[in-house]
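The entries below follow the order in which I looked things up.

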Amino acid sequence: MRKAYLTALGAALAVTAVLGLMPHSGIGPGKGRGEVAVFHPSEMKRLTSSNLVDAIIGLQLTGRVGKVQWNQAVLTVEMRAEDEKQAERWYKDMEKLIRLSFTQMENVNRLLIRYVDSKADNRLLFAADVRRTDSWLSDNFSELSDADPLHDELWRKRLRIAYTTLLEKRLGPIDTYSTAPLPST
């Protein structure tokens, strides 16, 4: 009986040793391929609850993200504004979110972006509402990178921007400035 156990133990050790050496032997399906990827990154085409965090992190936003919500083809992102002097960065982050929603993803129909003041108890500064059906997305999307959405009246309308008096206290009167051309006389 003891001899049978020792024989089985020896056979198991021999098989283990052979299996352990096989990857280094150069035989088998991986021969000549080098390293084999374990995870294959795939391009996201549809936003889901399971890839929402990965999609937002992948944008590498410069501002802090407060909350993100995905509900029935509506993506809601709350951004925390640290400093009102960083409005240019706000615009770049908005552009990244719009690009993700409407050029990379095929199932986002509406994007709601809210900027809140982290120094003032997260009070709303301004909000934007962008929809897949907006005609400017196909005609004028490339112009967004050079836009000043808070001060340019045309872009305020395109992005459906609503702003609060708190933002005006920080940046000055919003309605008095526009980069839209003056009407000809």
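How many aromatic pairs does the structure hold? I found 5 aromatic pairs. I paired rings of Phe, Tyr and Trp (its six-membered ring) if their centres lie within 6.5 Å, with planes under 30 degrees apart counted as stacked, over 60 as edge-to-face and the rest as tilted.

The model is predicted, so local features need pLDDT of at least 70 and side-chain atom pairs count only at pLDDT 80 or more, while totals for chains, interfaces and linings use all residues. Residues are numbered from 1 along each chain as its sequence is written, and side-chain values use heavy atoms, with hydrogens and water left out.

**Entry: Tyr115 and Phe126.** I noted a stacked pair, Tyr115 with Phe126, at 4.9 Å centre to centre and 15 degrees between the planes. The pair links distant parts of the chain, 11 residues apart: Tyr115 is in strand E3 (residues 110-117) and Phe126 in strand E4 (residues 123-131). Strands (E, at least two residues) and helices (H or I, at least four) are DSSP runs, numbered from the N terminus. Tyr115 is buried at a relative accessible area of 2%, and Phe126 is buried at 0%. Buried means under 20% relative accessible area, exposed over 50%, partly exposed in between (1.4 Å probe, protein chains only).

**Entry: the cluster.** I recorded one aromatic cluster formed by Trp90, Tyr115 and Phe126.

**Entry: Trp155.** I looked up the charge over this ring: Arg158 lies over the face of Trp155, 4.5 Å from the ring centre. The criterion is NZ of Lys or CZ of Arg within 6 Å of the ring centre and within 35 degrees of the ring normal. Trp155 is buried, as is Trp136.
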